[in-house]
Amino acid sequence: MSVANDYDVLIQGAGIGGLTLAIALQQRGYRVLLIERASGLSEVGAGIWMAANPMQVFARLGFAEKVVEAGWPVRLLHLQDSKSGDIQVTDMAEIAKQFGFETIALHRGVLQRVLYEQLQPDSARFGCEITSLQQQNDQVTVELSDGTSCSAAIVVGADGINSQVRRIVGLGGERRYSGSSSYRAIARRARILPLEAEHDAYEIWAKGCRVGFSKINADDFYWYMTFDAPAGETSSASEMRVHAESIFRAHFPQWIELLQATSTEDILRTDIGDLKPLAQWASGSVGLIGDAAHATTPNLGQGGAMAVEDALTLAESLKRCGLNEAAWKRFEQLRRKKVDWTVATSWSIGKICHIGNPLFRALRNLALKSTPASVTQKQIQRIYSIGSAAE
């Protein structure tokens with residue numbers, strides 16, 4: 001017997017994936033509640049690159065142009081060796097010809113705000129999270145940390161690599177540390193690229209480290225730096241700045257203005273890791289999307305993109321199969337192959353970018369420069385195609 005639920009779908013996590021899913025579900029007529037542990041939308045976080053695949057999802061949902069207007073298009077992507085220069089140069093205009101969009105770089109907080117503005121009023125509740133849940137027939141009863149309870153037909157954990165929902169329903173989740181940590185920050189009003197190159201992005205590889213950057217608006221740059229380090233190492237803000245400066249001076253001196261234009265308190269440190277593949281992404285009517293299901297290292301720039309693709313695929317699966325366990329099975333069937341490939345490929349790239357041995361670096365660079373166009377095109381299709389989301 002069917003039981004009336006307060007909501008069709010309850011989503012925990014108002015990050016990029018959770019917000020996109022809420023939008024997609026509301027457009028399909030579902031009653032949605034989005035809950036978020038933080039007290040409000042946060043500006044914490046640095047930049048993000050939204051590649052052609054999530055931009056296609058945003059287009060299907062009707063607000064891609066708002067994301068474009070809020071960000072900065074990347075037109076050339078330079079992959080370089082710190083000693084020998086360009087290894088590969090990707091013309092994003094060619095990507096746009098095939099898939100409709102260049103990569104858009106923007107602040108994470110700005111993207112979250114754009115997404116939030118697409119929601120129906122009173123769709124989100126901040127400052128609370130799921131503390132327990134119980135599944136019975138076609139209803140999931142949820143207790144929240146603010147002392148309230150509600151019910152939904154479907155519960156979604158979009159709450160990141162340390163997912164509370166994943167833990168509560170017992171889906172496991174073993175984190176894997178890559179051996180590298182990272183700094184991320186915004187350089188305000190930096191002037192490091194000539195006018196004709198303002199839409200270029202760079203990633204430069206060096207011994208045991210790398211740096212990458214692009215503009216995210218007319219004035220500011222997003223930059224990141226990765227470096228070999230023990231897991232869990234902590235640093236004060238001033239220690240992070242001193243360490244970042246030492247790496248810039250040793251390997252990337254021509255780009256040190258990125259650091260000079262950055263406030264010390266704005267530098268974020270994050271260990272780089274992923275999740276070992278889960279046996280399954282759902283238990284009954286409760287399941288996971290994005291980093292909660294399949295966190296990846298950032299080496300393909302596809303972490304947020306995978307969450308956005310997940311959101312559209314799950315919304316379509318729920319519409320096709322109904323608010324039930326079958327929709328979760330269809331969702332995982334459609335997404336598993338691409339996600340597993342993305343996680344594995346990104347992990348592999350992370351292992352080759354910090355090579356220190358000069359001979360091995362030269363061989364790596366030669367191999368990348370010699371990659372046949374047909375292989376590159378196959379990889380482009382695999383990354384940027386979102387056909388499965390609408391199957």
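Predicted model: local features only at pLDDT ≥ 70, side-chain atom pairs only at ≥ 80, totals over all residues.
How many cavities of 30 Å³ or more does the count come to? The count comes to 1.

**Stop 1: the cavity**

Select S178, S180, R210, I272, T297, N299, W347, G350 and K351, which line the largest cavity. The space inside amounts to about 60 Å³. Now colour strand 12 (175-187) and helix 11 (325-352); each of them supplies at least two residues of this lining. Helix 11 gives the most, with 3 residues.

**Stop 2: from R210 to E203**

In general, side chains of opposite charge can pair when their charged atoms come close. Is this pair buried or exposed? Both R210 and E203 are buried. E203 counts as buried because its relative accessible area is 12%, under the 20% cut-off. To place E203 in the fold, show strand 13 (residues 200-206), where it lies.

**Stop 3: helix 11 and helix 10**

Return to helix 11, and select R335 together with D310. A salt bridge joins their side chains, at 2.7 Å from N to O. This pair links distant parts of the chain, since R335 is in helix 11 and D310 is in helix 10 (residues 303-321), 25 residues apart. R335 and D310 are both buried. Together with D310 and R335, they are linked in a network of salt bridges.

**Stop 4**

For another of them, select K276 and E174, whose closest N and O atoms are 3.3 Å apart. Where in the chain do K276 and E174 sit? K276 is in the loop between strand 16 (268-275) and strand 17 (282-283). E174 is in the loop between helix 6 (164-168) and strand 12, and the two residues are 102 residues apart. K276 is partly exposed, because its relative accessible area is 36%. E174 is partly exposed too, with a relative accessible area of 47%.

**Stop 5**

Select strand 3 (residues 47-50), which is covered on both faces. In a regular strand the side chains alternate between the two faces of the sheet. Here G47 and W49 are on one side, I48 and M50 are on the other, and all are buried. Now show strand 7 (residues 103-107) as well. Strand 3 and strand 7 pair in the antiparallel sense, over 4 bridges. Which residue of strand 7 is the bridge partner of G47? Select H107 to see that partner.

**Stop 6: a nonpolar patch**

Finish on the surface by selecting L359, F360 and L363. These residues form a nonpolar patch, with about 320 Å² of accessible area together. Show helix 12 (residues 358-369) to see the place of L359 in the chain. L359 counts as exposed because its relative accessibility is 53%, over the 50% cut-off.

Methods: Residues numbered from 1 in each chain as written. Heavy atoms only, no water. Patch = residues over 30% accessible without salt bridge, like charges linked within 9 Å, V, L, I, M, F, W, Y side chains within 5 Å. Areas by Shrake-Rupley, 256 points an atom, 1.4 Å probe, with all protein chains shown as cover. Salt bridge = Lys/Arg side-chain N within 4 Å of Asp/Glu carboxyl O. Buried < 20%, exposed > 50% of the residue type's maximum accessible area, 1.4 Å probe, protein only. Pairing = 2+ DSSP bridges. 1 Å grid on protein atoms, 1.4 Å probe; cavity = no way out; pocket = protein on both sides within 12 Å on 5 of 7 lines; lining within 4 Å. Points joined across faces, edges and corners; volume = space filled by probe spheres on them.
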